[in-house]
Structures are given as structure tokens and as C-alpha cells.
Amino acid sequence: MSGKVVLYYFDGRGKMESIRWLLAVAGVEFEEVFLTTRAQYEKLVNDGALLFHQVPMVEMDGMKLVQSKAIMNYIAGKYNLYGKDLKERVMIDMYAEAARDIMDMISMVLFTSPDNKKGELEKVQVKAKVRTLPAFEKALGASQFLVGNQLSCADVNFFEACLMLEEELPTILSSFPNIQAFQKRMKAIPAISKFLQPGSQRKPPPDEAFMKTAKEVLCHLFK
């Protein structure tokens, strides 16, 4: 089992998608076990596979890893996507967390009612354009990477965040030329180009079926 990477989650993005992205960029093949029933989740808990009774869970290197940030940091560290020293790592963490903030905002909007979605998207656009994107634009004006002189998990996280923003706000990056150039460079990376192709293990935006399954499997969280 130690030679095979297996992801345990739902058949959708959620907290697993950024993990899929990092594995894909690192060139790591992985299998997925999709949770569709409460019984599957309970078996994982009863078998001791879920340390904190939470998913996502990644089976890797003989370990059962939980907590998405810890999983991503392990993958980034193992596959040279986490900088060359502690100073670079803390900067990578700062940019990665900011990128995840963007993704969290978008994810919350996707689960708001249709009547409220437009207003919530406008709030996301203002926050991103005023608070977050200018910092990334400035960083990318000085280097082709966010931190240091090589690709890091922060670049991958931010690229994923840009794609999510454009899915809901197609023109939001039009006034950020450095970010647009960054996107072109990222898309030219073979592993990323492959992951963006139809038929890859990249997941589409969440829909009602995804939420229904998650609520059924994790029903204790929705009581």
C-alpha cells in the first residue's frame, strides 16, 4: 500500500481539489475512493483511518493523512514545491493562505441561494480586487514565481484560485497584466496542461448532487 496514493473524499472539489492539483503538478499518479454512503464513512472511522473523524484523507507513504493543510504541506515538501529555506516557506505559506481565502470565498458563494448570489459575488469581486489581487500582481511583477526562483505550492494554489475566480467573474483579472502573464506560464507547464484537459481527475464546480452526498455522508455535521 505504501507505493500507491489513494484519496478518500467525495466526487467533487471541496477540500480535496487543491490536494489533487498539487499531486498532479508533482507528477504523482493517484487513485480515488469516492464516499457515497454513510456506511463508508463510518467504516473509515471505526477502522481508525480518520484521526479526527474528518475527510479528506490521503493514504500515502504508508500513512493515513488528514487535515488538508497538513497534507498539502507534506506533498509540497516532498516534491520540492515548498521553497529552499524557512524564510521562503513562510512567504509561500502567506501567499498560499491568501489564495485559499479567495477559493473559500468563491466556494461559499456557490452555496448561497440564487437570489443572493449576485450580491455575494459583487462582495467577492471588491475584496479580491482591492485587498488580494494587487498583492499578487506586485509580487509577479518582480519574478515569474510568487516566491524565490522556482515553482512552489503557492503558485499552484494561486493559479487554481484564478481559475475559480474566472469561472464566476470572467473579466476580474483584466486589469492585472502580471497575473495574466503568470496564468499563461502556468498553463504551459506540461503537468498543468494535462490536468486542465477533459478527462483528467480535475473536478467541475460543485453542484446540488455534490452537496446532497456530502450532507448524507456527514449528516452529523448538519443536525
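The model is predicted: local features need pLDDT of at least 70, side-chain atom pairs count only at pLDDT 80 or more, and totals for chains, interfaces and linings use all residues. Residues are numbered from 1 along each chain as its sequence is written, and side-chain values use heavy atoms, with hydrogens and water left out.

**Stop 1: the largest pocket**

Select Tyr-9, Gly-14, Lys-15, Asp-104 and Ser-107, which are the closest to the centre of the largest pocket among its 34 lining residues. A pocket is an open set of points, on a 1 Å grid over the protein atoms alone, with protein on both sides within 12 Å along at least five of seven lines; lining residues have an atom within 4 Å of a point. The space in this pocket is about 1,000 Å³, a volume being the space filled by probe spheres set on the points, which are joined across faces, edges and corners.

Next, colour helices H1 (17-25), H3 (68-78), H4 (86-110), H6 (153-168) and H9 (208-217), each of which supplies at least two residues of this lining. Helices are DSSP runs (H or I, at least four residues) numbered from the N terminus. H4 contributes the most, with eight residues. By class, the lining holds 17 nonpolar, eight polar and nine charged residues. Here Ala, Val, Leu, Ile, Met, Phe, Trp, Tyr, Cys and Pro count as nonpolar, Asp, Glu, Lys and Arg as charged, and the others, Gly among them, as polar.

**Stop 2: the second largest pocket**

Select Ala-24, Gly-27, Val-28, Glu-29, Phe-30, Ala-191, Lys-194, Phe-195, Ser-200 and Gln-201 to display the lining of the second largest pocket. Its space is about 270 Å³. Helix H8 (residues 190-195) gives the largest share of the lining, three residues. Five of the lining residues are nonpolar, three polar and two charged.

**Stop 3: the cavity**

A cavity is a set of grid points where a 1.4 Å probe fits but cannot get out. The count comes to one cavity of 30 Å³ or more, and the largest cavity holds about 40 Å³ of space. Select Arg-13, Glu-17, Trp-21, Glu-160, Leu-163, Met-164 and Arg-202, which line this cavity. H1 and H6 each supply at least two of the lining residues, and the largest share, three residues, comes from H6. The lining has three nonpolar, no polar and four charged residues.

**Stop 4: H1 against H6**

Now show H1 and H6 together. Their axes come within 10 Å and cross at roughly 125°; axes are lines fitted to C-alpha atoms, for helices over the stretch in contact, and angles run from 0 to 180 degrees between N-to-C directions. Select Glu-17, Ser-18, Trp-21, Leu-22 and Val-25 of H1 with Cys-153, Val-156, Asn-157, Phe-159, Glu-160 and Leu-163 of H6 to see the contact, meaning heavy atoms within 4.5 Å.

**Stop 5: H4 against H6**

The axes of H4 and H6 come within 8 Å and cross at roughly 25°, which makes H4 roughly parallel to H6. Residues in this contact include Ile-92, Tyr-95 and Met-103 of H4, and Phe-158, Ala-161 and Leu-165 of H6. The contact has 14 nonpolar, two polar and three charged residues.

Terms used:
Angles under 35 degrees count as roughly parallel, over 145 as roughly antiparallel, 65 to 115 as roughly perpendicular and the rest as oblique.
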